[in-house]
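Subject: A structure for you to look at

Hi there,

Here is the structure I promised to pass on. Have a look at it first, and then read my notes below.

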Amino acid sequence: MDYLKAFLVGGAICAVVQILLDTTKLMPGRVMVILVVTGAILGAIGVYEPFAKWAGAGAGVPLTGFGNVLFKGVKEAVDKEGFLGIFKGGFTSSSAGISAALIFSYIASWFFDAKMKS
Amino acid sequence: MAEEMKSKMMGKQSILFSNPPVIVAGSSIAGKKEGEGPLGHLFDTIQEDPMVGKETWEEAESEIMKEAATKVLEKAGLKNTDIRYLVGGDLLGQLIATYFGIADLNIPTFGLYGACSTMGEAMAIGSILVDGGFADRVMAITSSHFASAEKQFRFPLDYGNQRPFSATWTVTGSGAVIIEDARIHKKNSNEPTIVIKGVTVGKIVDYGLKDSMNMGACMAPAAFETISTNLEDINVTPDYYDKIITGDLGYVGQHILIDLLKEKNIDISQNHMDCGIEIFDKDKQDTHAGGSGCGCSAITFTAYVMKQLKEGQWKRVLFVPTGALLSQVSFNEGRTVPCIAHAVIVEAI
């Protein structure tokens, strides 16, 4: 059941993004930023956390989840360290994700090359 | 002398040559996808390996251009020392495909940037040099590569970006022609001789469009300006040409071009052809709006248009490669896409 929920929720978020890409002139970079910012805002107004608890990876893996993590990190750090937390929190909470993305894509580049589209 | 000089200039921006220079040979090197398209059987060489055995897309493009240069010399039965000047360019920054590709040929070189209109620009300048008596033989050459162009102008292939339906497909390929002075040309077969009768040099046309994924719409107004000026300058109607051949407007641009000309009471709907539409089968090959890139018009011209002229199917064509002159900087800074089109009158005699 968890798997099914994650699949459907994650798929629904991706479908919304596909509609954005197909029907608007927004470049992919902008769409990604929209997702992150949406996640952060939904996190700030307290909506994303309960949603993520219910949907699991379906809400955590898409970029909206990253936005939520950024907000959560900043909030925790501000609570603990005050003003300085604004600058540290986002990076602290997202450090595992960012490092994993860098390290795994670097490892992948040892074994694979970009190929022509056909 | 002054009288003679003046007589070559026609109207606002056109030239009719006193001794129309001869196109002695043309070469076409095409990529795998182009080879699988409707014109596949006409290309000299189909390069199955998109990397051409090299390390980078840019090196691969250079190698394809070198092959086109070598092939055209071979077909014309000439050596590199027989060529007075090479005039050419490509899409990449600082023309790296061209300069790295042709370095070994040791031919004095003019580098051009006309984006996808480069073949027209190179043929125009080449024939001006020849008819003006500044060169006996000139090689006009250009290339493009899907992967290097995507990397420079859109997104690197590694990024896995999705392409919208109005986006054209950059042709992987390189085409070259050798343009020779008619006074030294020796006719050695019964085939008609292909000559460049004249040219119309295009102006920058900018209708304020900004969409780099919809080049056909951006470039159509430039083609419109150049074609209507050509007809006006040399005082002919569209049926003077068996074909009016644009470079890479694709399906979207073709519509706009025909409509724009209709508003001026010029009807080219019967004899218009677009290289970008001819080169791929859009239903079978998933190329969306058609082919584009310097190589698109170049190899369609050298493989298909020259064949039709040689076989007597067409007598006279107006070859109008179109170029979108954006750069990655101008695009990122949100500027519009200025465009250009050069027209070359090619005739079989």
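Predicted model: local features only at pLDDT ≥ 70, side-chain atom pairs only at ≥ 80, totals over all residues.

Now for chain B. Its secondary structure amounts to 12 helices and 17 strands. The radius of gyration is 19 Å, close to the 20 Å that the globule rule gives for 349 residues, so chain B is as compact as a globular protein of that length. Along the principal axes, its C-alpha trace spans about 60 × 50 × 35 Å, and 55% of the residues of chain B count as buried. Among the contacts in chain B between residues at least 6 apart in sequence, 79% join residues at least 24 apart.

Chain B is divided into domain 1 (2–180) and domain 2 (197–348), and the C-alpha centres of these domains lie 16 Å apart. Between them, 53 residues of domain 1 are in contact with 59 residues of domain 2. Which element gives the most to the domain 1 side of this boundary? That is helix H5 of chain B, with 7 residues. By class, the domain 1 side has 24 nonpolar, 23 polar and 6 charged residues.

The largest nonpolar core has 110 residues, and B:Met139 and B:Ala140 touch the most other members. Both domains of chain B give residues to this core, so it lies between them. Beyond its neighbours within four places in sequence, B:Met139 is in contact with B:Ala69, B:Val72, B:Ile83, B:Leu86, B:Ile107, B:Ala176 and B:Ile178. There is also a second, separate core of 7 residues, which includes A:Ala40, A:Val69, A:Leu70 and A:Ala77.

Finally, the two chains meet: 10 residues of chain B are in contact with 7 residues of chain A. The chain B side of that meeting has 5 nonpolar, 2 polar and 3 charged residues.

Enjoy exploring!

Best wishes

Methods
Residues numbered from 1 in each chain as written. Chains lettered and ligands numbered in written order. Nonpolar A, V, L, I, M, F, W, Y, C, P; charged D, E, K, R; others polar. Core = buried A, V, L, I, M, F, W, Y, C linked by C-beta atoms within 7 Å. Buried ≥ 20, exposed ≤ 12 C-beta atoms within 10 Å, placed from the backbone. Domains from an automatic or database assignment. Helix = DSSP H or I, 4+ residues; strand = E, 2+ residues; numbered from the N terminus. Rg over C-alpha atoms; globule rule 2.2 N^0.38 Å.
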